[in-house]
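Please open the structure in your viewer and keep the selection tool at hand.

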Protein chains: 2
Amino acid sequence: MPELRVIREPREMRFHAEDLRRDGRRIVLVPTMGYLHPGHLSLLQAGRSRGDVLVLSIFVNPIQFGPKEDLARYPRNLQGDLAMARGASVDVAFVPDERAMYPTTPLTRVVVSGLTEGMCGARRPGHFEGVATVVTKLFNLVQPHVAVFGEKDFQQLAVIRKMTRDLDLGVEIVGSPIVREHDGLAMSSRNAYLEPDERLQAVSLSRGLAVAEKRFNGGERGAAPLLAAVTDELAASPLARLDYAELRDAETLEAVERVERPAVLGVAAFLGKTRLIDNRVLSPQ
Amino acid sequence: MPELRVIREPREMRFHAEDLRRDGRRIVLVPTMGYLHPGHLSLLQAGRSRGDVLVLSIFVNPIQFGPKEDLARYPRNLQGDLAMARGASVDVAFVPDERAMYPTTPLTRVVVSGLTEGMCGARRPGHFEGVATVVTKLFNLVQPHVAVFGEKDFQQLAVIRKMTRDLDLGVEIVGSPIVREHDGLAMSSRNAYLEPDERLQAVSLSRGLAVAEKRFNGGERGAAPLLAAVTDELAASPLARLDYAELRDAETLEAVERVERPAVLGVAAFLGKTRLIDNRVLSPQ
C-alpha cells in the first residue's frame with residue numbers, strides 16, 4: 001500500500017503543493033468534513049483516476065454552521081478516516097485544526113448570490129458563505145487541478161461551480177453521484193445521529209423522490225404533483241418533519257413550475273434533531 | 001530593451017503563469033487601472049527587484065465603481081501605458097477587457113468587513129467588494145509570489161492584506177510610498193480631470209496633512225486638532241469640498257481619539273466633480 005502523508009499545517013500543505021506543481025504533477029482534491037462513509041469513498045475513487053496525487057482534506061469548518069446547528073456534536077473519527085484513506089490510495093490527508101485555518105479573526109467572506117437564495121440557502125443563513133470561503137482557502141492551499149464534490153449537496157456543488165468560474169480559481173469541478181444505503185437512504189455522516197426508529201423512517205426522503213421520479217417518467221411535468229409525491233411520503237412518516245421540498249432549474253436553481261429543462265427536486269427534513277437532505281435530477285428527453 | 005509580452009486573454013495569462021511557476025520563476029504583479037504616471041512607475045520599480053518576472057495588469061474594473069461614479073470617463077491610454085511599461089522593464093502586460101474578465105454575470109463577491117466600514121468604504125458602497133473580488137481574480141490568473149500596491153490607497157492596501165491572509169492567497173503584499181507632484185499633490189490618474197484652477201487648489205489636501213503632521217511632531221496627539229488642520233485647509237480653498245477627514249488606527253482602521261500607536265490621517269475631497277484622496281501615517285516614537 002502506498003504511504004499516506006498526513007499534513008496538519010496549512011503552510012506545509014502549500015509548500016508541498018508548490019513542489020508537486022513544480023514537478024508537473026496533477027493534484028486532485030476531495031474536500032470533506034471527515035467521518036468517512038462509502039459516499040466519500042466513491043468521491044475518492046472518482047478523484048483517483050483524474051490525477052497523479054490524491055489529496056483528501058478533513059476539516060469540520062465552524063463558519064458554515066449556524067449558531068443553533070450541530071457543530072459541537074458533529075461526528076469525528078480521525079483514526080478511522082485515515083485508515084479508510086489508506087485503503088482508498090489517498091496520497092495526502094490534509095487535516096488542519098481550527099486554529100490553523102483561522103489563526104486570526106477572519107473578516108473575509110466569499111459570497112455567492114442568486115444560487116443561494118432558495119433550498120438550504122434560505123434555511124441556513126450564512127451556510128454557503130462559510131462553504132465558499134473555506135473551499136476558496138482549501139483551493140489556495142492545496143492548489144488542485146481537479147476537485148470532487150458529492151451531488152447529494154446539489155446546491156453546494158452549483159455554488160462551488162459558479163464561484164470557481166467567477167473567481168478564476170482554475171480548478172475543474174467534478175460532481176459525483178449520490179451513494180445510497182440498501183433501502184435508498186442517501187449516505188451522510190449525519191445518519192450516525194439517527195435513533196433506530198428514526199433511521200427506519202429516514203427512508204421517506206428517498207422514497208418520496210422515487211415516487212416523484214416515477215410520476216415524472218410517466219409524463220408528469222408540473223411542480224405541484226411532483227412535490228406532493230415527496231411531501232405526502234414525509235407526512236406518512238410521523239417521525240419526519242419537512243424542512244423544504246422544492247423544484248428548481250438544475251443550473252440556475254430558479255424555482256420552476258413545469259419541468260422543461262433538467263430540474264432538481266430537492267428535499268430536506270428533520271428526523272428528531274437530525275436534518276437530512278436528498279435530491280433527484282429530472283431530465284426531460 | 002527586453003521584449004514586453006502583451007496578454008489579453010485570461011486563459012493565456014494563467015497558462016503562462018503556470019509555465020513560469022513550473023520553471024521556478026518568481027512572479028511579481030503590479031495591478032493597475034492604467035493611465036500610468038510616476039506613482040505607478042515607482043510601484044513597478046519596487047516590484048522589479050522582488051522577483052524574476054514583472055507583470056503589470058491594466059484593467060478598469062467596472063464592479064468597483066458606483067452607479068454615479070466616473071467609470072465611463074475614467075482616463076485610458078493603452079499605447080502610452082505600454083510604452084511606459086517597456087521603459088520600466090515590465091515583462092508581461094496583462095490587459096484583459098471587460099468581457100474576458102466577466103464573461104458571464106458574476107454572482108460571486110469577496111467581502112471584507114470591519115476594515116471597510118469607515119473612510120472610502122463608507123462613502124463608496126460596494127467599492128471594496130469590487131476591489132477585493134477583482135484582485136482575487138487577478139491573483140488566481142497571474143499567480144504572483146509578490147504584489148505591489150500604492151500606499152495612497154491606504155484602506156485598499158489594508159483590505160487586500162487582510163483578504164490575502166484570510167483566504168490563504170499565498171501572495172506577499174508590498175506597500176509602496178505615495179509619489180507626489182512638486183507642490184505636494186499625490187499623483188493619481190484622476191488628476192487628469194482637474195481644470196487649471198482646481199489643480200491649483202487640489203494641493204489643499206496634502207497641505208492640510210502637512211500642517212497636521214507638523215502639529216503631531218510638535219506633540220499634538222488628539223484627533224480633533226489634527227483633523228482641524230486638514231479641514232481648515234480645505235475650507236480655505238473655495239473649489240474644494242470635503243468628503244471626509246478621519247483619524248484611524250493604521251492597522252485595524254478603527255477610529256481613534258488620541259494617537260498612541262501608528263495612525264493614519266485620511267482625507268478625501270471633491271474638486272469640482274473629481275474626487276481625490278490622500279493620507280499620512282502618524283507614528284509616535
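The stops below begin with the two chains and then turn to individual elements and residues. Please keep in mind that this is a predicted model.

**Stop 1: the two chains**

Colour chain A and chain B separately. How are two copies of a chain related in general? They are related by a rotation about an axis and a shift along it. Here, a rotation of 180° with 0.0 Å of shift along its axis superposes chain A on chain B, with an RMSD of 0.0 Å. The two copies are therefore related as by a two-fold rotation axis. The same surface serves both copies, for 100% of the contact residues of chain A recur in chain B.

**Stop 2: helix H7 of chain A**

Select residues 154-166 of chain A, which form helix H7. This helix has 13 residues and reaches 18 Å from its first C-alpha to its last, close to the 18 Å expected at 1.5 Å a residue. Is H7(A) largely enclosed or left open? Of its 13 residues, 11 are buried, so H7(A) is largely enclosed by the rest of the structure. Among the buried residues are A:Phe154, A:Leu157, A:Ile160, A:Met163 and A:Asp166. Now move past the end of the helix: H7(A) is followed by A:Asp168, whose phi is positive, near 55°. As background, most residues other than glycine have a negative phi.

**Stop 3: A:Val264 and A:Leu253**

Remain in chain A and select A:Val264, which is found in strand S9, residues 263-271. Its relative accessible area is 0%, and A:Val264 is therefore buried. Which residues touch A:Val264, leaving aside its neighbours within four places in sequence? The contacts include A:Met119, A:Phe154, A:Ala250, A:Leu253 and A:Val281. One of these, A:Phe154, also belongs to the buried residues of H7(A). Another, A:Ala250, is 14 residues from A:Val264 in sequence and 5.1 Å from it in space, C-alpha to C-alpha.

Next, select A:Leu253, another contact of A:Val264. A:Leu253 is found in the loop between strand S8 (240-249) and S9 of chain A. Its phi is near 60°, a positive value in a residue other than glycine. At 3% relative accessibility, A:Leu253 counts as buried, because the limit for that class is under 20%.

**Stop 4**

Turn to chain B and select residues 38-48, helix H2. The residues B:Gly39, B:His40, B:Ser42, B:Leu43, B:Leu44, B:Ala46 and B:Gly47 are buried. What covers them? The cover includes strands S2 (27-32), S3 (53-58), S6 (146-150) and S7 (172-176) of chain B.

B:Gln45 also lies in helix H2. At 62% relative accessibility, B:Gln45 counts as exposed. A distance line from B:Gln45 to B:Val90 gives 9.4 Å between C-alpha atoms, while the two are 45 residues apart in sequence.

The loop between S2 and H2 of chain B holds B:Tyr35. The phi of B:Tyr35 is near 55°, a positive value in a residue other than glycine. With a relative accessible area of 30%, B:Tyr35 is partly exposed.

**Stop 5: B:Leu29 in strand S2**

Select B:Leu29, whose place is in strand S2 of chain B. Is B:Leu29 buried or exposed? At 0% relative accessibility, B:Leu29 counts as buried. Not counting residues up to four places away in sequence, B:Leu29 touches B:Val55, B:Ser57, B:Leu138, B:Phe139, B:Val142, B:Pro144, B:Val146, B:Ala147 and B:Val148.

**Stop 6: a cavity**

Rolling a probe the size of a water molecule over the atoms shows where empty space is left. How many cavities of 30 Å³ or more are counted? The count comes to one, and the largest cavity has a volume of about 40 Å³. Select its lining: B:Leu185, B:Ala186, B:Ser188, B:Asn191, B:Leu205, B:Leu276, B:Ile277 and B:Asp278. By class, the lining has five nonpolar, two polar and one charged residues. Strand S10 of chain B, residues 274-282, gives the most to this lining, with three residues.

Methods
Residues are numbered from 1 along each chain as its sequence is written. Chains are lettered from A and ligands numbered from 1 in the order in which they are written. This is a predicted model: local features need pLDDT of at least 70, side-chain atom pairs count only at pLDDT 80 or more; totals for chains, interfaces and linings use all residues. Side-chain values use heavy atoms; hydrogens and water are left out. Helices (H or I, at least four residues) and strands (E, at least two) are DSSP runs, numbered from the N terminus. The expected span of a helix is 1.5 Å times one less than its number of residues. Buried means under 20% relative accessible area, exposed over 50%, partly exposed in between (1.4 Å probe, protein chains only). Copies are superposed by least squares on the C-alpha atoms of residues with pLDDT of at least 70 in both. Contact means heavy atoms within 4.5 Å. On a 1 Å grid over the protein atoms alone, a cavity is a set of points where a 1.4 Å probe fits but cannot get out, and a pocket is an open set with protein on both sides within 12 Å along at least five of seven lines; lining residues have an atom within 4 Å of a point. Grid points are joined across faces, edges and corners, and a volume is the space filled by probe spheres set on the points. Ala, Val, Leu, Ile, Met, Phe, Trp, Tyr, Cys and Pro count as nonpolar, Asp, Glu, Lys and Arg as charged, and the others, Gly among them, as polar.
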